[in-house]
Amino acid sequence: MRNRTFPLRDRSLAGCVTIGLLVPGCAFAAAGDDAQPLPAPPAAVPTPQLAPPPYPAPGHAPAPDLGPASGSNPRSTPRDPLKSPFPAEADGQGPRTGPNYMMLRGAEDWRFLRDRRAKRDWASPLKFIPLSDDGNVSLTLNGTQRSSVSLSTLPLLSDTRDRIEVLSRTAIGADLRIGPAVRFYGELASGQIFGRNETRHIAIQKNDLIVQQLFAEVRAPFGSGPGAGVARVTVGRQEFFDGPRFIISPRENPNIRVSMNGARLSMDWRRFRFSAFHFEPTAQGIGLLDDRIGNGETLSGVYSSFVVAGADPKSKSAVYFDPFYYHFVKDEHTLGRLSGKDRRETYGARLWGRLGRVAFDWSALKQDGRFGVRQVDAWALSTNQSVGLGAGSSAPRLGFHADYASGGGTFEGSGKVGAFNFLYNATVIFSDDNYLGAINLMGIAPTLTVPLSRKFSLTGEIGSYWRPDRNDAVYRGNSQIYAGTRNVRGRHVANMARLRANWTPDPHVILSGIVNYAEAGKVLRRAGYGDNLFVQTNMTLRF
């Protein structure tokens, strides 16, 4: 009989941990001492943090300076005349994952290496390849290899067979820039999965080769004086991370991220920006270049951001207010007993930033629309806040996140549908193994992050979650229901304990270890589900 109280006694865990420690170990030799370490905060990992850094996730990297002005050196160039004047940490280009590195590799800008005085390492010759005598035409190459080994002692909280899973993602990209105004970016990706009792080989995990991104971008100045700004039009296949991660993200956890096909217009001023966009997600295949445009969903809308306070280069505070609207349509959607076309009009606002040692990220979202012939009336709240327990980025941070997503109406034949649709949210908000989804769910989770050095940190979290509507089911992170949960009494869904260790020995190497313990609450236990221990090690190599 399975020992559900002490799953560490399971012998397969020892094998998984041994493999997991040996596989990342080969990366240690690749770590060099010639690269500049990330100054502050400690380097992030590709997946969102359990607790926010000094500014809340998703934070954004400052755009690199193209070097000091100089007319005598052909490899030293003035600042980019078409750089966005809006604060770079909030420009909608995705979170920073290291010095000059971004989670969305297409958002990186390595032209600062045009200045011969810029600090370099072994990868620099690949990051800026001049294609013209004056360096105005250049090529940047990038690559990422992410490998992980994980163990689940009770997969899906019901499968009595252990799951050992090995995931691999390989991506290569090229960025061609023609002057400051025109660029073309392309990226290929491949994902593989194998193991014992592993997840089904669906397209987000198993994909021999996919065109992950392929877009053209044009920038132009407009206005003059204090009202001057920069416009940017991006057309093609691209990754999108402009909004609160409670509803918008490219989903870093699977092997193959979400990519969008369409166009995006961005207009940036010094203290205001907005983006208008229309996208169709990529329909991913599992074979060789068998992806296509359009998977039966569309996403369009407008996102804007105002600088409320601070955001100056030397300021310790920055506060942003972001009103937004998303129009989402899914031609065929099944949720509970409901099936049909799901149209969601999501209106919301996000207030986020930092005030001294305090970081916060608050979002409120209201959804109208139609699911089949029935009216939608759903809403959600997400808050994440923390405070530094000392000065500087080396101080521990204590905080919590509290979240609410409405439910109801998915099993009834009439009335309004109250079940929230979380669109493309980050799946790691509540757990690292997709246990819980933001439908009919509310919870609170205290967090503590302890930077043990500039390159190593520990983050812990203990969350408790309930369902607001006792007549609705409990939902997984992929929006599928836990069968039988609608037919049992109670509100308490689960307790979730999480621990994460992040180590970045070198800008080109990221190592992390993750432990999640999911304790089934009354609702899940009454429906026949149990506790699960999830252990994972990750290694990312990049250039």
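Here is a walk through this predicted model, from its strands to its inner spaces. Residues are numbered from 1 along each chain as its sequence is written, and local features need pLDDT of at least 70, side-chain atom pairs count only at pLDDT 80 or more, while totals for chains, interfaces and linings use all residues. Side-chain values use heavy atoms, with hydrogens and water left out.

Let's begin with some strands. Helices (H or I, at least four residues) and strands (E, at least two) are DSSP runs, numbered from the N terminus. Two strands pair if DSSP finds at least two bridges between them. Take strand 10, residues 272-283: it runs antiparallel to strand 9, residues 260-268, and nine bridges join the two. A hairpin of three residues leads from strand 9 to strand 10. If you want a spot to look at, find G262, which stands opposite F279 in strand 10.

Strand 10 also pairs with strand 12 (residues 297-310), in the antiparallel sense and over eight bridges. Here A276 has V302 of strand 12 as its bridge partner. Then there is strand 11, residues 292-293, which pairs with strand 10 over two bridges, again in the antiparallel sense. Look for A283 standing opposite R292 of strand 11.

Next come the charged side chains. A salt bridge is a side-chain nitrogen of Lys or Arg within 4 Å of a carboxyl oxygen of Asp or Glu, and by this rule the count comes to 31. One of them joins R111 and D80, with N to O at 2.8 Å. This pair links distant parts of the chain, 31 residues apart: R111 sits in the loop between strand 2 and helix 2 (124-127), and D80 in the loop between helix 1 (11-25) and strand 1 (96-98). Are these two buried or exposed? Buried means under 20% relative accessible area, exposed over 50%, and partly exposed in between (1.4 Å probe, protein chains only). R111 has a relative accessible area of 10%, so it is buried, and D80, at 12%, counts as buried too.

Now try D159 and R161, whose side chains meet in a salt bridge at 3.3 Å, N to O. D159 counts as buried at 16% relative accessibility, whereas R161 is exposed at 51%. In another pair, D377 and K366, the closest N and O atoms are 2.9 Å apart. D377 is partly exposed at 32%, and K366 is partly exposed at 30%. Salt bridges can also share partners: D175, R177, R183, E217, R219, R232 and D268 are joined into one network that way.

On to the rings. A pair of aromatic rings is described by the distance of the centres and the angle of the planes. Rings of Phe, Tyr and Trp (its six-membered ring) pair if their centres lie within 6.5 Å; planes under 30 degrees apart count as stacked, over 60 as edge-to-face and the rest as tilted. The count comes to 24 aromatic pairs. In one, the centres of Y101 and W110 are 5.3 Å apart and the planes are at 75 degrees, so the pair is edge-to-face. Both Y101 and W110 are buried.

On a 1 Å grid over the protein atoms alone, a cavity is a set of points where a 1.4 Å probe fits but cannot get out; lining residues have an atom within 4 Å of a point. The structure holds 10 cavities of 30 Å³ or more. How much space lies in the largest cavity? About 220 Å³, where a volume is the space filled by probe spheres set on the points. Of its 22 lining residues, M103, T144, R169, E252 and R257 are the closest to the centre. Several strands give two or more residues to this lining, including strand 4 (137-152) and strand 5 (163-178).

Notes: 1 Å grid on protein atoms, 1.4 Å probe; cavity = no way out; pocket = protein on both sides within 12 Å on 5 of 7 lines; lining within 4 Å.
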